[in-house]
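Student: I should like to go through this structure term by term. Please set each value against its definition before drawing a conclusion.

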Amino acid sequence: MLLTGAAGFIGAAVAERLLAGGMRVIGVDNLDPYYSPALKRARLDRVSAAAERTRGRFDFLELDLGDRSAAARVFEAGPFECVIHLAAQAGVRYSIDNPHAYAAANLTGFLHVLEACRRQAESGAGAPPHLVYASSSSVYGASAEPVLAADQPADHPISLYAATKRANELMAHSYTHLYGLPCSGVRFFTVYGPWGRPDMAVWKFTERILRGEPIDVYGGGKMQRGFTYIDDAAEGVVRLAARPPAPDAVPPRSPDRGTGPFRTYNLGSREPVELMRLIKAIEAACGRPANKRFLPMQPGDVVSTAAETSSLEEVTDLVPVTPIEEGVAAFVDWYRDYNDVR
């Protein structure tokens, strides 16, 4: 199994689950300093410890998939039955000021993975691997639908990050059509939990509340998200990895129909959580109130991202249901331990 973005938030959690099943995992990450590389290395230490406790094996390669020759070398360790591609430049707001980082990681890097998958099949070393890749709920852009379905149009992204993720879906679609590469795109909905990212709202709010600093609440606190606990997200990826799509497995009304073994899934909570409910959950877990500073919505933000997940449930029998209060409490406990804060 090849897993890119292995030091990332979702990637490390996926690695632990794969290792618990006794698999050999080759993990790739460039440890980009977008946020603390120390946190990423701590995740890798946790993954390595998981490998020692199980029948699994974890080999890590530090390299940049935006480097064409480096990406090709990764596949020399194959052939792979499945490639889980989670490596990406994350963050909606960061993409406004740093667009070239997104082109290099999310477009060029993804192309190198697609090409390596194609070459594996054409070399005769093995069948085309099942490519499971990360997309994002942000591809829905300014959709007015209260619940976002995987078969609805997603052609109006409102951030460059979202545009690169939608481009990944279209690139994967073309490789499925041209080369028969089985592809499963996973649109993640605001994943949070222990070992999460410092640029996400749950981390920022927790940090500032515990420090007694004000928090910025955008959009009057009325924005809604289908917050997805990390355990649900990682479990969904692992289950999808074991279930490559077949050409005849696409629902009749889906825009994916007739394109070969290609599917797109929402992976997120069906229950939209208002921002103020999230803040109340963090306040309760921290044991203190937040000093709130209300601000307008930021460029690139969307009002609501609740997930319709029937296709995910059909294929994996997974329904992400962890309540926000439970997940936030687990995150705050982890945050206190990791940062030695009381």
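This is a predicted model: local features need pLDDT of at least 70, side-chain atom pairs count only at pLDDT 80 or more; totals for chains, interfaces and linings use all residues.

Student: How do you know that the span of helix α2 agrees with its number of residues?

Tutor: Helices here are DSSP runs of H or I of at least four residues, and strands are runs of E of at least two, numbered from the N terminus. The expected span is 1.5 Å times one less than the number of residues. The 17 residues of α2 (37–53) should therefore span 24 Å, and the end C-alpha atoms are 25 Å apart, which agrees.

Student: What caps the N-terminal end of α2?

Tutor: A polar contact is a pair of N or O atoms within 3.5 Å; within protein, one must be able to donate a hydrogen and the other to accept it, and residues adjacent in sequence count only if both atoms are side-chain atoms. A side-chain oxygen of Ser36 lies 3.1 Å from the backbone nitrogen of Ala38, and Ser36 caps that end.

Student: Why is Cys183 called buried?

Tutor: Buried means under 20% relative accessible area, exposed over 50%, and partly exposed in between (1.4 Å probe, protein chains only). Cys183 has a relative accessible area of 0%, so Cys183 is buried. Cys286, at 4%, therefore counts as buried.

Student: Why is Gly22 called partly exposed?

Tutor: Gly22 has 25% relative accessibility, so Gly22 counts as partly exposed. Gly22 is placed in the loop between α1 and β2 (24–29).

Student: How many disulfides does the structure hold?

Tutor: A disulfide is a pair of cysteine sulfur atoms within 2.5 Å. The structure holds zero disulfides. For Cys183, the nearest cysteine sulfur belongs to Cys117 and is 7.5 Å away.

Student: Which residues touch the most other members of the largest nonpolar core?

Tutor: A nonpolar core is a set of buried Ala, Val, Leu, Ile, Met, Phe, Trp, Tyr and Cys residues joined through side-chain atoms within 4.5 Å. In the largest, of 68 residues, these are Val14, Ile84, Phe188 and Leu278. The largest share of this core, eight residues, comes from α1. A second, separate core of 24 residues includes Val83 and Met171.

Methods: Residues are numbered from 1 along each chain as its sequence is written. Side-chain values use heavy atoms; hydrogens and water are left out.
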